[in-house]
Amino acid sequence: MNTTVKISINGEPYEENIPNRMLLVDFIREVAMLTGTHVGCTYEGVCGACTIQLDGEAMKSCLMLAVQAEGHEITTVEGLAKDGELTPLQKSFNEHHALQCGYCTPGILMNMDEFIKKNPNPTEAEIRHGLVGNLCRCTGYAHIVEAVKDAAEKSA
Amino acid sequence: MSDKTDEAWVGKKFARKEDHRLTTGRGRFLADLSIPGMLHLTFLRSERAHATIKSIDTSAANALPGVIAIYKGEDIRDKILPMPQPVVQPNLSARFPKHWPLAVGKVKFHGEPVAAIVSRDKYVGADAAEAIVVEYEDLPYVGDPEKALEAGSTKVHDDWDDNLIFEMGFTGGDTSESQATNDAEVDEIMKTADIVIKNRFRVQRCGMTPMETRGVIADWDDADGLVAHITTQRPHIDRLGLSDILDIPAEQVRVISPRDQGGGFGVKAPFYREPILICWIAKELGRPIRWVETRQEHLMAVSQERDQINDLEVAASKDGKLLAIRNRGIADCGDGCEGVYWGFVMPFLGAVELPNGYTWEKGDVKLKVAVTNKSCLSPARAFGEFPTRFAMERSVDMIAKRCNMEPAELRRKNLIPELPYTSVCGEYMDSGDFLKVWDNLMKQADLPSFRRKQEEAHREGRYIGIGFGLGVELSGVSSELMVPMENQPGYGAATIRLDARGKAFVYEGDAPQGQGHETTAAQAVAHAFGIHPNDVVVVTGDTSTTPFGSGTIGARMGSYFVSAAVDASEVLKKKLARFLAHDLELEDATEGDFEFKDGEIIYIKDPKIRQSFRDACNRNIMAPINLPEGESAGLEHTSFFEAAKPMIAFNADVCTVEVNPENGQFNLLSWTTSEDVGQIINPQIVEGQMQGAIVQGISNTIFEEFIYDENGQQLTADFENYKLATAADVPYMRITHAPTPCPHTPLGSRGIGEGRPSDVPGCLTNAVCDALSPFGIEITELPLRPDKIWRLIQDAKSTQAAN
């Protein structure tokens with residue numbers, strides 16, 4: 001069964017007739033062709049690579065159907081930089097070498113972008129707990145924690 | 001951007017060139033690629049561990065709209081050559097099980113591909129997989145490697161006479177007489193030494209599990225042949241393997257590993273069965289096919305390593321001199337059906353590396369590897385040595401205890417004092433200064449102060465402990481080892497092409513997995529030419545444009561590839577120098593009289609004489625007239641770097657923990673390292689490798705375990721049941737350096753990262769045992785879990801009460 005949905009992604013409206021069972025992550029990747037949002041687990045919501053923001057709140061897009069996003073504003077990693085200007089968080093990930101393969105990075109950026117808005121002055125422990133919904137296999141997390149802390153300071 | 005700079009780029013922190021695309025969602029991983037007309041492939045995998053396939057009914061699945069084709073083992077067995085094929089077969093004496101990409105006749109592990117569905121989209125593929133009915137007749141499950149080796153065991157491979165895939169002795173020379181003499185000498189030491197300790201060490205099945213799973217996009221054209229995008233660490237080997245097994249002429253096979261790959265850690269190094277089938281189907285159907293592995297498939301079929309039992313016996317004198325080792329290793333290899341490694345190459349190397357950085361005088365080391373009804377072991381960082389090093393580092397601590405010595409002191413006393421050195425298992429260690437690394441670690445550790453704190457803590461009923469470990473890591477793998485071990489060359493190959501605008505293009509046949517090759521290699525080449533790293537472009541992983549390389553494996557980047565790139569740069573610098581000397585009529589000038597700096601080529605004897613690097617390149621490429629005698633135009637060169645002997649890197653670790661004796665839970669309080677990575681090229685990237693490797697080691701040690709039930713059902717095929725360390729589970733690692741430049745590489749660099757997790761399980765477990773020393777607990781099995789620690793404490797308390 002199909003339904004027509006209206007979803008905004010990074011400010012761009014989409015009106016598409018899609019199968020009801022389509023996951024939001026597949027809508028983002030395969031319909032909107034925004035492949036920065038990744039899939040790292042079998043849709044059990046553990047790895048966090050598919051994290052996006054729904055109306056500004058970090059969410060795992062593999063745990064939602066696309067039809068549930070009807071009428072909502074979605075931001076993906078492609079929507080973070082404005083007019084080519086990277087956010088302090090994106091810059092900080094580069095400066096602190098907070099990514100290696102970069103597969104988990106978009107999800108972490110989307111989660112931490114919201115996190116530092118809500119926690120402008122986080123401690124290391126708070127950042128580490130804020131990251132439990134995102135698995136990273138390469139970095140050991142140390143540089144991610146440093147990058148988030150630095151970005152929070154620069155964003156404040 | 002073309003910055004002039006007077007800086008040396010080797011040894012300098014430089015923010016990675018890869019990061020812009022990866023932080024803005026513009027990375028291009030395999031699953032992000034598509035080809036017009038592309039179809040999706042879904043595997044139906046076995047629900048049983050060991051069973052005869054009675055029938056496969058695909059009629060309902062075939063009837064689903066959107067299903068294009070379904071293939072079963074019987075459909076392909078006469079059309080695709082079976083494995084093994086010589087190109088992916090080690091030159092070690094072993095058995096290589098015959099197999100096809102889809103199960104033929106029977107299934108041998110839970111997760112083996114049984115059928116492949118080609119469909120218009122992946123949702124339909126999943127529906128079709130559910131609609132296929134397979135009738136199985138169960139066979140006895142072979143799950144215990146020791147029982148698998150007993151006479152009369154059910155056989156995993158029907159055409160074998162038992163379940164032994166590989167057996168080897170590593171000590172005592174090449175003849176059976178010399179080995180017998182050696183074993184008798186070791187036996188004599190074991191009978192007479194002051195201290196002899198024997199333990200059975202077990203390390204569970206776990207692995208490295210990158211965040212990106214595997215995938216393939218195969219496209220066929222009758223004239224051009226096959227183009228296969230594969231998530232792979234070794235595209236050139238995949239190309240040869242596919243050509244041979246699919247009987248496609250080699251010039252018609254091109255393999256591309258995507259520029260962005262989401263981690264490998266060894267998992268993407270084998271020649272797997274899935275790409276064979278997918279490439280064949282693409283040819284058969286004449287349609288592009290994409291397969292993106294699900295995480296469930298990944299955890300069922302690959303990423304499983306370790307899984308060794310090591311019965312290790314060690315002998316020492318009472319003053320703490322290490323004398324001899326005797327080890328009987330048994331590895332559970334799974335079904336053994338996996339090109340290049342066959343499940344036994346990892347335990348093979350683990351046995352070679354057992355002696356670690358100690359001066360064991362004698363050794364008797366033997367290994368048996370059994371096939372079972374589990375997924376074949378696939379490589380994981382700290383390749384094979386994670387279990388043997390756990391056994392070694394734990395044993396060294398136990399000896400120290402018997403000698404009443406600090407484990408740190410005993411380690412220092414027995415460290416290899418001078419290199420080169422060849423271990424009793426034949427591992428050649430080329431260079432470095434182990435004592436310098438160790439002494440640097442001890443400076444960081446401040447052991448006396450920790451012991452005072454520990455005493456105070458014990459008085460308060462708190463249990464804190466300190467643990468040490470050390471690790472010799474292969475710095476690349478020389479041909480001397482690679483040819484027998486994997487039937488592949490060890491050399492690093494790099495092509496450098498300079499263009500008319502003075503930019504450098506570096507071509508690498510290996511396939512990076514996120515380690516930052518584009519940045520590290522750019523720094524090394526920029527350093528050589530005196531240009532900026534942003535003026536250097538590194539191209540990787542496409543067999544049609546890059547020189548042959550055996551793959552991104554075994555820390556080959558900082559050792560072999562970078563060295564080849566530097567060598568190639570030096571050849572081109574000499575050519576540019578000769579042209580400049582000719583054009584400026586510097587009759588006395590030699591190739592060595594020119595310095596490449598700040599984007600200029602400077603005549604050292606008269607620095608006023610100089611030419612911009614760009615003009616020099618332009619002159620050579622665009623104005624090839626009035627050439628020096630015997631010269632031709634063009635600035636391109638390929639170098640093959642090979643060290644005469646294997647090279648190593650070295651590290652030592654110290655960590656501290658606090659254990660709660662009430663429940664066995666423990667906190668990791670600190671972790672400090674001391675590293676010899678030789679000349680560092682980019683310190684930030686090196687630190688990132690170390691941080692990540694240690695956390696992987698901790699995650700393997702504490703959390704990760706693939707569990708098979710009594711029927712061979714794999715119970716841990718998702719991230720809810722197979723737990724990886726999160727940010728909240730680990731502390732910050734303090735990385736320190738005590739480098740000795742490698743004398744065998746042009747920059748003095750060493751390759752690092754691959755073996756780095758190897759001493760983590762021993763180091764961490766040593767700390768826990770040290771914390772619990774009042775109970776006299778010695779842990780010999782992983783994973784290191786609170787429930788097990790709690791039980792050991794309870795047992796120790798009962799024993800103490802009884803005494």
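This is a predicted model: local features need pLDDT of at least 70, side-chain atom pairs count only at pLDDT 80 or more; totals for chains, interfaces and linings use all residues.
Local features were taken only where pLDDT is at least 70 and side-chain atom pairs only at pLDDT 80 or more, whereas totals for chains, interfaces and linings use all residues. Residues are numbered from 1 along each chain as its sequence is written, chains are lettered from A and ligands numbered from 1 in the order in which they are written, and side-chain values rest on heavy atoms, with hydrogens and water left out.

Helices (H or I, at least four residues) and strands (E, at least two) are DSSP runs numbered from the N terminus, and two strands are taken to pair if DSSP finds at least two bridges between them. In chain A, strand 1 (residues 2-9) runs antiparallel to strand 2 (residues 12-19) and is joined to it by eight bridges; within this pairing, A:Ile7 has A:Tyr14 as its bridge partner in strand 2. Two residues lie between the strands of this hairpin, in which A:Asn10 adopts a positive phi near 50°. Strand 1 of chain A is also joined by two bridges to strand 5 (residues 73-75) of chain A, in this case with parallel direction, and A:Ser8 stands opposite A:Glu73 of strand 5.

In chain B, three strands in the order 4-2-6 form an open sheet with antiparallel pairing, and its edges are strand 4 (106-107) and strand 6 (133-138), each of which pairs on one side only. Strand 2 (residues 51-57) of chain B is connected to strand 4 of chain B by two bridges, with B:Thr52 placed opposite B:Lys106.

Turning to the interface between the chains, contact (heavy atoms within 4.5 Å) involves 55 residues of chain B and 48 residues of chain A. The buried area, defined as the accessible area (1.4 Å probe) that two parts lose on being put together, summed over both, is about 4200 Å² between chain B and chain A, with carbon and sulfur atoms giving 55% of it. Of the area that chain B buries against chain A, 18% is supplied by B:Thr23, B:Tyr123 and B:Met211, more than by any other three residues.

Five salt bridges are counted between chain B and chain A, the criterion being a side-chain nitrogen of Lys or Arg within 4 Å of a carboxyl oxygen of Asp or Glu; one of them pairs B:Lys122 with A:Glu30, whose closest N and O atoms are 3.6 Å apart. On the side of chain B that touches chain A, helix 1 (19-23), helix 4 (122-131), helix 9 (295-301) and helix 19 (683-702) each supply at least two residues, and helix 19 of chain B gives the most, with 11 residues.

About 1200 Å² is buried between domain 1 and domain 2 of chain A, 56% of it on carbon and sulfur atoms, and A:His38, A:Gln53 and A:Val77 supply 37% of the area that domain 1 buries against domain 2, more than any other three residues. Zero salt bridges are counted between domain 1 and domain 2 of chain A.
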